[in-house]
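Q: I would like to learn how to read a few local features from coordinates. Where do we begin?

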Amino acid sequence: MQKWPKKRTQYPIIALVFFVFIVFSILYNESNIQEIHSKHTLPRTPPVPLDKSSACQSTVKYSGKRAEWDSFKPKTDGRGEMPESCDYFSGEWVFDNSSYPLYKDSDCPYMSDQLACHKHGRQDLDYQYWRWQPHHCNLKRWNVTEMWEKLRGKRLMFVGDSLNRGQWISMVCLLQSVIPAEKKFMTPQAHLSIFRAEEYNASIEFLWAPLLVESNSDDPVDHRLPERILRPDSLLRHSSEWMHADILVFNSYLWWRQGPVKLLWSSEENGVCEEIDGFGGMELAMEAWAKWVDSNVDRAKVFFVTMSPTHFTKQEWEPGSEGNCYDEKLPIKNGTYWGIDSDFPTMQMVERILTKLGSKVNVLNITQLSEYRKDGHPSIYRKFWETLTPEKLADPASYSDCIHWCLPGVPDVWNELLFQFL
């Protein structure tokens with residue numbers, strides 16, 4: 001019988017080729033994964049949080065670097081504003097001592113000594129009696145019960161600097177009187193203060209975040225420092241607090257008007273800061289905030305309060321005169337008045353950024369209506385934490401506070417406007 005030659009199997013060769021392919025694939029994929037991680041992962045060691053002891057090891061000029069955020073495109077649904085049928089922000093102040101003030105400072109146990117002007121010696125009380133009247137419509141009349149119903153089951157949080165804190169105190173004073181003493185609580189914390197009304201399961205809160213992004217000035221009390229350092233790519237310290245609020249009211253302006261700031265990027269390991277002017281620093285912070293809003297806000301109602309004006313130069317409203325807001329008793333009647341401290345380029349920059357957010361943000365445009373109120377500041381009628389020298393006491397204008405606002409007063413109207421939106 002003829003024997004056929006035995007055929008050699010090809011299985012070992014096939015197995016070898018398959019094995020080489022598997023090894024090559026694993027090595028290739030691993031190299032790709034390592035490359036992706038090297039590009040996109042955060043530094044292995046998280047940056048040290050900024051506080052009042054933070055310092056730059058050295059300082060260089062701003063390099064032009066921007067935060068690495070996912071790019072976002074301008075919204076096409078239009079910025080959140082008041083109904084077109086009425087411009088609530090264009091109008092005049094009308095004296096109304098029958099309807100105003102909406103509360104007495106002495107009746108509000110949460111009043112700040114920095115804003116309680118009557119308590120600290122101001123005898124002319126006309127500043128409390130002015131009502132904002134839009135030109136072509138009327139503001140809805142303030143209603144405490146209706147406002148509480150709007151807030152039922154919600155967290156209303158003001159985020160920003162001392163001017164936003166003043167608006168928060170105003171809101172608390174406007175609302176607290178109808179809540180029984182045993183059902184309202186104030187919880188002052190490090191940088192988050194909370195007023196809670198048990199009956200409505202609602203809270204009115206204030207978060208100290210004067211630059212919006214993380215900075216060495218985030219201590220609500222001890223923040224007068226020789227240099228201002230911020231992380232333009234870090235919001236986590238503040239956003240971890242505000243992200244669960246239902247209604248958010250932001251502001252930021254005044255702190256950017258105090259000279260250059262220093263940027264310390266989260267990726268910087270050697271303590272090298274970049275110096276930038278206040279305008280540029282604010283633009284970076286606003287972009288970081290806007291991109292957080294764009295990426296994270298779906299349910300919450302977000303407001304941004306425009307710049308609050310100051311009145312340090314009397315010559316602006318009374319040419320040829322010297323002084324500031326001290327001893328001013330009446331609003332400015334000139335409807336076209338605009339103070340030099342309300343910076344147009346800053347307003348345009350903020351407008352550009354807010355426009356990109358479309359209807360995700362509503363704008364409380366309080367600048368022009370507050371410009372008229374040179375009479376509304378505490379000037380010398382407030383508690384000063386520093387000791388005033390005899391020389392200063394002899395010259396009241398030299399230490400007058402022409403930044404903040406007396407309560408009751410102008411911030412109550414800001415909250416009436418907020419009431420319209422809600």
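A: Begin with a definition: a polar contact is a pair of N or O atoms within 3.5 Å, and within protein one must be able to donate a hydrogen and the other to accept it. Note also that this is a predicted model.

Q: Which backbone atom lies 3.3 Å from a polar atom of the side chain of Gln176?
A: The backbone oxygen of Asp107 does. The side chain of Gln176 also makes a polar contact of 2.7 Å with the side chain of Lys184.

Q: Where does Gln176 lie, and is Gln176 buried or exposed?
A: Gln176 is in the loop between α3 (162–175) and β5 (184–188). Buried means under 20% relative accessible area. Gln176 has 4% relative accessibility, so it counts as buried. Leaving aside neighbours within four places in sequence, its contacts are Asp107, Cys108, Pro109, Tyr110, Lys184 and Phe195.

Q: How should I read the buried residues of a helix?
A: An α-helix has 3.6 residues a turn, so residues three or four places apart point the same way. In helix α2 (residues 144–151), the buried residues are Val144, Met147, Trp148 and Leu151. Seen down the axis of α2, these fall within an arc of 100 degrees, so they line one face of the helix.

Q: What covers the buried residues of α2?
A: The cover includes β4 (155–160), α3, β6 (192–197), β7 (202–208), β9 (247–250) and α9 (410–421).

Q: How do I read a sheet?
A: Strands of a sheet pair through backbone hydrogen bonds, either parallel or antiparallel. Here 7 strands form an open sheet with mixed pairing, in the order β5-β6-β7-β4-β9-β12-β13. The edge strands, β5 and β13 (362–364), each pair on one side only. From one strand to the next, the twist averages 15 degrees.

Q: In which sense do β4 and β9 pair?
A: They pair in the parallel sense, over 4 bridges. Met157 stands opposite Leu248 in β9.

Notes. Residues numbered from 1 in each chain as written. Predicted model: local features only at pLDDT ≥ 70, side-chain atom pairs only at ≥ 80, totals over all residues. Heavy atoms only, no water. Helix = DSSP H or I, 4+ residues; strand = E, 2+ residues; numbered from the N terminus. Buried < 20%, exposed > 50% of the residue type's maximum accessible area, 1.4 Å probe, protein only. Contact = heavy atoms within 4.5 Å. Arc of directions from axis to C-beta. Pairing = 2+ DSSP bridges. Axes fitted to C-alpha atoms, helices over the stretch in contact; angles between N-to-C directions.
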